[in-house]
Amino acid sequence: MGLEMNIDLAGGNQSLPVFENTSQSDYQTERGLTMHNQNLSRRGFLLATGTACCSGAFTSSVSKGDTKGDTKNKKQFKKIDCHLHINHKGRSIEDTIKHMDATGTEKAFILPLETGEGGVVLRTETVLHAFHKHKDRLIPFCQTDIRKPDVIERIRAYHLLGCRGIGEQKEHLPLNDRRVEAVIALCDEFNWPITIHFQDNKTGFNQGIEQHLETYLKKYQHVRIIGHAQSFWSHISADVPSPEKTLYPTGPVKPGGLLDHLLSEYPNLYADMSAGSGFTAISRDENFSAGFLQRHRKQLLFGSDCPCYDGRGANFKGMCYSTRLQQFLQRMVKDESALRDIFYNNAERALNGTT
Ligand SMILES: [Zn+2]
Ligand SMILES: [Zn+2]
């Protein structure tokens, strides 16, 4: 997010999760969460009754639900949150650290949003200041207005000051704009990751994932492109509705989607499962997801984009994106080495460019 804005407000798809309001937020209400989990349980029941099965250690087997009690007995894994801001809904740095403590998160990529085009402004300087107070917990990224003539000099300065990547890249420019390419090329030079918010509707960001992302993945093989947001995750399925109709497709996934193709072909692509977009996609068809999580276990990144401050949804109507995704992954992925990859190792590899 930063937030994921301009969601489908008029799509009329009654199976969509319920959103907080009709402004431009991706946040789901407590009611939306409850409804969603009921859907998951029903699918889990169908799977458990033998209508479907899936492979190996990755399982869609029925659970007693993604309840908080469930995780208490689960093994805890070291975690890096690949997508966190500081000041969502006015949260302080202290409360951001509190969120990390409460969700068992050792470190987090902290992503500025300097231009505020997604509705939140977080300056790179603020992130660097927080980093110097919490060096063992925060991994600072930078982001600045790529339409300004001094952008490359500014990012070179942020590199010297200790930033580790660019993101969240979220400005109203198409993906094939030369200014977007310039910062991807700079990340390639620095051996950095870049987190890109893909949102294909007219008022979205980095539009044209289907036409242009593969070109960059081929051309720039040092940079790790971390895909985030609605139009990235819509492509989990081969049938993608018009972004003007909905940015949050639900229901069964049609195999053969762009994400499966790109993640299989390009080890320099990572998938950020944070926010409503990541969770909606990965949970919409559990039978498909079991295989997807297995196939791409080395490129999937745990992340939250959560604005709450206590891991239980305080400040956010009782729902925490981090806790919700952790519970889902713990239920779906039974192979502990895969969970260690998804929760921690993949983020380190995306950060450092190691294999
Ligand atoms: Zn975000
Ligand atoms: Zn939270």
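Trainee: Let's start with Asn-191: how many other C-beta atoms lie within 10 Å of that residue?

Mentor: Asn-191 has 13 other C-beta atoms within 10 Å and is therefore partly exposed; a residue is buried with 20 or more such neighbours, exposed with 12 or fewer, and partly exposed in between, the C-beta atoms being placed from the backbone. This is a predicted model, in which local features need pLDDT of at least 70 and side-chain atom pairs count only at pLDDT 80 or more, while totals for chains, interfaces and linings use all residues. Residues are numbered from 1 along each chain as its sequence is written, and chains are lettered from A and ligands numbered from 1 in the order in which they are written.

Trainee: And where does Asn-191 lie?

Mentor: Asn-191 lies in the loop between α6 and β5, and although Asn-191 is not a glycine, its phi is positive, at about 60 degrees. Helices (H or I, at least four residues) and strands (E, at least two) are DSSP runs, numbered from the N terminus.

Trainee: Which strands does helix α6 touch?

Mentor: Five strands make an open sheet in the order β4-β5-β6-β7-β8 with parallel pairing, where two strands pair if DSSP finds at least two bridges between them. The edge strands, β4 (166–169) and β8 (300–301), each pair on one side only. Helix α6 (residues 178–190) packs on this sheet and touches β4 and β5, and its direction makes about 155 degrees with that of β5. Such angles run from 0 to 180 degrees between N-to-C directions, with axes fitted to C-alpha atoms, for helices over the stretch in contact; residues are in contact if their C-beta atoms, placed from the backbone, lie within 7 Å.

Trainee: How many bridges join β5 and β6?

Mentor: Strand β5 (residues 193–197) and strand β6 (residues 224–228) pair in the parallel sense over five bridges, and Thr-195 has Ile-226 in β6 as its bridge partner.

Trainee: What about the core: which residues have the most contacts inside it?

Mentor: In the largest nonpolar core, which has 81 residues, they are Ile-110, Val-183, Ile-194 and Leu-301; such a core is a set of buried Ala, Val, Leu, Ile, Met, Phe, Trp, Tyr and Cys residues joined through C-beta atoms within 7 Å. Its largest share, seven residues, comes from helix α13 (residues 336–352).

Trainee: What does Val-183 touch?

Mentor: Leaving aside residues up to four places away in sequence, Val-183 touches Ile-146, Ile-155, Ile-166, Gln-169 and Ile-194.

Trainee: Switching topic, at what angle do α10 and α12 pack?

Mentor: Helix α10 (residues 275–283) and helix α12 (residues 321–332) pack at about 20 degrees, with their axes 11 Å apart. They are therefore roughly parallel to each other, since angles under 35 degrees count as roughly parallel, over 145 as roughly antiparallel, 65 to 115 as roughly perpendicular and the rest as oblique. At this packing, Ala-275, Phe-279 and Ser-283 in α10 meet Tyr-321, Arg-324, Leu-325 and Phe-328 in α12.

Trainee: And which strands form the three-strand sheet?

Mentor: That open sheet has the order β1-β2-β3 with parallel pairing. Its edges are β1 (80–84) and β3 (138–140), each with a single partner strand, so one side of each is left without a neighbour in the sheet. Three bridges join β1 to the parallel strand β2 (residues 107–110), and Leu-84 stands opposite Ile-110 in β2.

Key. Contact = placed C-beta atoms within 7 Å.
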